[in-house]
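Please view the sequence and the structure first, and then read the notes below.

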Amino acid sequence: MDPAEELLRRLAVNDEKSVDIVLAGGSGYGVDAVLRPKVDLLVRLGALVAVGAATASLQCTVELALEAGATEAELVGVLVAVAPTVGLARVVATAPKLATAIGYSAISDD
């Protein structure tokens, strides 16, 4: 069985070992490191936007993504990419938090 299929099957039945592996960073079943670090962090940023994460959480992920080679444009691109899924209210609420996390000066509606 393909390692990815095996992992999905185990997660689908809430296999404790598999859940622990995934929550610890995904090392196991031969499917770890499938995403390059930069891509992994951009995906994580999208998830943080989706759940309305705090600025501190965004900032930590932004810093790691920048260290992994992401550009500021790519970070903002994540917000744009998830906008149709998460909705305008989430995008508007997250934009100033993301700006702060990136290090841009305060953004207001003036």
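Asp15 is partly exposed, with a relative accessible area of 23%. The model is predicted. The notes below begin with the salt bridges, then turn to the nonpolar core and to one backbone angle.

**Salt bridges**
- The count of salt bridges comes to five.
- Asp15 and Arg10 meet through their side chains in a salt bridge, at 4.0 Å from N to O.
- Arg10 is also partly exposed, and its relative accessible area is 32%.
- Lys38 and Glu74 form a salt bridge through their side chains, at 2.9 Å from N to O. This pair links distant parts of the chain, since Lys38 lies in helix H3 and Glu74 in helix H5, 36 residues apart.
- In another salt bridge, the closest N and O atoms of Arg44 and Asp40 are 2.7 Å apart. Both residues belong to helix H3 and are four residues apart, about one turn of the helix.
- Shared partners join the salt bridges of Glu6, Arg10 and Asp15 into one network.

**Nonpolar core**
- The largest nonpolar core has 18 residues, and Leu45, Val62, Leu75 and Leu98 touch the most other members.
- Helices H3 (37-51), H4 (55-67), H5 (72-86) and H6 (88-102) each supply at least two residues of this core. The largest share, five residues, comes from H3.
- Apart from its neighbours within four places in sequence, Leu98 is in contact with Leu45, Leu58, Val62, Leu75, Val76 and Leu79.

**A positive phi**
- Most residues other than glycine have a negative phi.
- Asn14 is not a glycine, yet its phi is positive, at about 60°.
- Asn14 lies in the loop between helix H1 (3-12) and helix H2 (16-23), and it is exposed, with a relative accessible area of 58%.

Key
Residues numbered from 1 in each chain as written. Predicted model: local features only at pLDDT ≥ 70, side-chain atom pairs only at ≥ 80, totals over all residues. Heavy atoms only, no water. Core = buried A, V, L, I, M, F, W, Y, C linked by side-chain atoms within 4.5 Å. Buried < 20%, exposed > 50% of the residue type's maximum accessible area, 1.4 Å probe, protein only. Contact = heavy atoms within 4.5 Å.
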